[in-house]
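Keep the sequence and the 3D view side by side as you read.

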Amino acid sequence: ATPTSVMVGTGKGAENGILIKDATSLEMAHKIKMIVLDKTGTLTEGKPTVTDFVTVNGTANNNEMKLLQLVAAVERNSEHPLAEAIVNYTRSQQVNFPEAKDFQAFAGSGVQGVVKNQLVQIGTQRWLEELSINTSYFQQYKATWEAAGKTVVWIAVEGKIEGLMGIADALKPSSQDAVKALQKMGLEVVMLTGDNRQTAEAIASQVNINNIFAQVRPDEKVAVIKSLQGGRGRDKETRRQGDKETRRNKNFSFPTPHSPLPTPHSLVAMVGDGINDAPALAQADVGFAIGTGTDIAIAASDITLISGDLQGIVTAIKLSRATIRNIR
Ligand code: ADP
Ligand code: MG
């Protein structure tokens with residue numbers, strides 16, 4: 001790229017709240033064929049709120065509040081956004097927090113601690129089942145909440161299910177239009193999340209995404225990106241080679257809409273906000289970080305969307321096209 005056209009592109013990006021780290025990313029963005037979107041904090045606001053709470057023993061004898069105390073005591077040690085939602089909810093109920101001992105977090109699964117000499121475990125149904133805890137409770141609540149796109153959090157005390165929470169996280173107002181615009185440009189849009197399948201499907205259907213990777217553990221996200229890239233690694237050589245090919249191929253055009261799933265070596269972009277997303281952002285051919293997300297995600301990315309507005313991806317791709325046109 002001529003330094004001038006890249007400077008113009010980078011400048012226009014900045015004016016639009018898009019920070020582009022290097023010339024290569026700007027030149028590559030128009031060649032992306034697939035865009036992988038994290039759910040929580042990327043498609044959604046990332047500000048979850050507890051909307052529902054039920055207990056096995058109902059509300060008699062202040063049962064709910066007693067259980068909530070145990071839950072909050074453990075969750076206040078966690079940095080997960082869901083933990084923050086639970087702690088805020090507990091505060092609003094004016095319940096005080098006892099001390100928790102032996103706190104442990106299990107990435108992608110949940111948390112545990114000992115409160116008042118009882119082992120309290122909070123997390124996904126899958127995790128509690130792995131711990132041999134019977135989760136055949138609350139089938140109706142679970143189904144209803146998940147169909148509404150809520151994350152369902154299971155609560156066990158001393159190895160027995162005691163309660164269930166429904167936590168909602170609204171879509172960003174820009175998500176629907178941004179996904180539609182990306183699909184219109186011919187990109188395959190994919191959702192990647194650690195959340196449960198039913199919840200992920202409910203959110204995906206609200207934005208018309210058909211390709212979903214759900215219940216992906218934090219350390220597996222990078223492997224998903226790699227497999228979508230056809231198993232190749234991202235390295236500077238691949239990126240430079242790709243640039244040369246684009247410049248050579250004057251007839252480059254976007255793939256047709258809803259083209260079949262990943263062909264090896266097609267360029268894959270990833271958009272994310274969390275610490276968990278950082279390795280995947282680094283692996284992707286172009287990594288987009290949500291500017292309101294964690295510093296680690298921003299550091300691992302190539303392009304930062306300052307306000308977190310997903311329309312910024314569309315703008316970045318258009319800028320990339322314009323930059324390449326100026327180069328030729
Ligand atoms: P995401 O990719 O949606 O941000 P994570 O991989 O961080 O999700 O976590 C996956 C799932 O593990 C969450 O949807 C939640 O059900 C459960 N989980 C993780 N941390 C906690 C926690 N502190 N409290 C309750 N549940 C948790
Ligand atoms: Mg996220």
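Start at glutamine 94, in the loop between H5 and strand E4 (100-106). Helices (H or I, at least four residues) and strands (E, at least two) are DSSP runs, numbered from the N terminus. This is a predicted model, in which local features need pLDDT of at least 70, side-chain atom pairs count only at pLDDT 80 or more, and totals for chains, interfaces and linings use all residues. Residues are numbered from 1 along each chain as its sequence is written, while chains are lettered from A and ligands numbered from 1 in the order in which they are written.

Is glutamine 94 buried or exposed? Glutamine 94 counts as exposed, because it has 7 C-beta neighbours inside 10 Å. The cut-offs work like this: a residue is buried if 20 or more other C-beta atoms lie within 10 Å of its own, exposed if 12 or fewer, and partly exposed in between, with C-beta atoms placed from the backbone. The backbone of glutamine 94 also deserves a look. Its phi is positive, about 55°, although the residue is not a glycine. Most residues other than glycine have a negative phi.

Now find another loop, the one between E5 and E6, where asparagine 117 sits. Asparagine 117 has a positive phi too, near 60°, and is not a glycine. With 7 C-beta neighbours inside 10 Å, asparagine 117 counts as exposed. E5 and E6 form a hairpin with two residues between them. Lysine 116, in the turn, has a positive phi of about 50°.

Follow the strands away from the turn. E5 and E6 run antiparallel and are joined by six bridges. Two strands pair if DSSP finds at least two bridges between them. Valine 111 has isoleucine 122 in E6 as its bridge partner. Isoleucine 122 also stands opposite isoleucine 155 in E7. E6 and E7 pair in the antiparallel sense, over four bridges.

Strand E7 also holds tryptophan 154. Tryptophan 154 counts as buried because it has 24 C-beta neighbours inside 10 Å. Which residues does tryptophan 154 touch, not counting those up to four places away in sequence? They are Gly123, Thr124, Gln125, Leu128, Thr135, Ile161 and Leu164. Contact here means that the C-beta atoms of two residues, placed from the backbone, lie within 7 Å. Glycine 166 is 12 residues from tryptophan 154 along the chain, and their C-alpha atoms are separated by 9.2 Å.

Next, turn to ligand 1. It has 22 residues around it, and Thr40, Ser78, His80, Gly108 and Gly194 come nearest. A residue is near a molecule or strand if its C-beta atom, placed from the backbone, lies within 6 Å of it. The elements that give two or more residues to this shell are helix H3 (39-43), helix H5 (81-92), strand E5 (110-115), strand E6 (118-123) and strand E7 (151-157). The shell divides into six nonpolar, 13 polar and three charged residues. Ala, Val, Leu, Ile, Met, Phe, Trp, Tyr, Cys and Pro count as nonpolar, Asp, Glu, Lys and Arg as charged, and the others, Gly among them, as polar.

The shell draws at least three residues from each of domain 1 (3-45 + 171-327) and domain 2 (49-168). These bounds come from an automatic or database domain assignment. Where the domains meet, 12 residues of domain 1 are in contact with 12 residues of domain 2. Helix H9 (residues 197-206) gives the most to the domain 1 side, with five residues. That side divides into three nonpolar, seven polar and two charged residues.

Go now to glycine 312, in helix H14 (residues 311-327). Glycine 312 is buried, with 25 other C-beta atoms within 10 Å. Leaving aside neighbours within four places in sequence, glycine 312 is in contact with Asn16, Gly17, Ile18 and Leu305. Glycine 13 is 299 residues away along the chain, yet the two C-alpha atoms are separated by 8.7 Å.

Finally, step back to the whole chain. The protein chain has 14 helices and 13 strands. Of its 328 residues, 44% count as buried. Among contacts with a separation of 6 or more, residues 24 or more positions apart account for 65%.
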